[in-house]
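Please open the model in your viewer and keep the sequence panel beside it. The tour below goes from one selection to the next and says what is to be found at each stop.

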Amino acid sequence: MRNWLGNDGNWIVAGLAAAITVPFLSFAAGMPFWIAAIIALLVFAGLVILLAPRRLFEGLDIKRVGSGRVAFARDLLEAAVPFAERLETAADVIGDKQMAAAVRHLAEIAADVFRKVEAKPESANAVRRFLSYYLPRSAELAEGFAVIEAKRVPDLKQLEEVRGVLVKLEEAFVHYADSLVDEELGTLDTDLRLIQASLKEDIGR
């Protein structure tokens, strides 16, 4: 789960493709150099557009949601994404497989929260503390675990303390991720009671 908000990789791929196109068309296909150069330029431009990273809230009806809500959610996500990336980086260098998996799971939950907030920007305030406090602190602790573990003589007690806090943080991550789902289900019980009452009135069941 990389490229949370996209990067400039499309320019690199497009440049390589264009660089290969010119000699291929010139030498292998026997095409005049200037024509090959024009085609390579078109290939470059096309790939840059085709592979351009998707922007946050792309395709969202901002007028319906409200530009203020979208701006608030965007600010939160853009500030939070680097910490999720740091979690993944820490997971890659942590030697303890169980701990590495736990840290990577935190990053996966964070990505789930990002997706839900992007789909429904008005829910951003419900996970504001998660994005601005718990996620950054988790990244710092995961990196701390990796640093302690890399010592020639790691402090086992300190490692266990960090491990314990990260395990508890996982519970907080799940709580906030599920709170966004619970918000969607907020009217379900009421709807069920109304439907059951209507069915009983209409068909006697």
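**The whole chain**

Read from the N terminus, the elements of the protein follow the order α-α-α-α-α-α-α-α, which amounts to 8 helices and 0 strands; here helices (H or I, at least four residues) and strands (E, at least two) are DSSP runs, numbered from the N terminus. The model is a predicted one, in which local features need pLDDT of at least 70 and side-chain atom pairs count only at pLDDT 80 or more, while totals for chains, interfaces and linings use all residues. Residues are numbered from 1 along each chain as its sequence is written, and side-chain values use heavy atoms, with hydrogens and water left out.

With the whole protein selected, 31% of its 205 residues count as buried, where buried means under 20% relative accessible area, exposed means over 50%, and partly exposed lies in between (1.4 Å probe, protein chains only). Of the contacts in the protein with a separation of 6 or more, 71% are between residues 24 or more positions apart, a contact being heavy atoms within 4.5 Å.

**Helix α5**

Next, select residues 97-119, which form helix α5; its 23 residues reach 33 Å from the first C-alpha to the last, close to the 33 Å expected at 1.5 Å a residue (the expected span is 1.5 Å times one less than the number of residues). Colour the buried residues of α5, among them M99, V103, L106, A110, V113, F114 and V117. An α-helix has 3.6 residues a turn, so residues three or four places apart point the same way.

Then move to D96, which caps the N-terminal end of α5 with a side-chain oxygen 3.0 Å from the backbone nitrogen of Q98.

**Two neighbours of α5**

To see the meeting side chains, select M99, V103, L106, A110, V113 and F114 in α5 together with F130, L131, L135, S138, A142 and F145 in α6.

**Helices α4 and α6**

Keep α4 (residues 67-93) and α6 (residues 128-149) and hide the rest: these helices pack at an angle of about 20°, with their axes 9 Å apart, and are therefore roughly parallel to each other. Among the residues that make the contact are F72, L76, F83 and V93 of α4, and P136, A139, E143 and E149 of α6.

In helix α4, pick A79, which counts as partly exposed because its relative accessibility is 45%. A79 and L131 are 52 residues apart in sequence, and their C-alpha atoms are 8.1 Å apart in space.

**Last stop: E149**

Leaving aside residues up to four places away in sequence, E149 touches V93, I94, G95, D96, P154 and L159. A polar atom of the E149 side chain lies 2.6 Å from the backbone nitrogen of G95. Finally, return to D96, which is 53 residues from E149 along the chain, with 8.5 Å between their C-alpha atoms.

Note on methods:
A polar contact is a pair of N or O atoms within 3.5 Å; within protein, one must be able to donate a hydrogen and the other to accept it, and residues adjacent in sequence count only if both atoms are side-chain atoms. Axes are lines fitted to C-alpha atoms, for helices over the stretch in contact, and angles run from 0 to 180 degrees between N-to-C directions. Angles under 35 degrees count as roughly parallel, over 145 as roughly antiparallel, 65 to 115 as roughly perpendicular and the rest as oblique.
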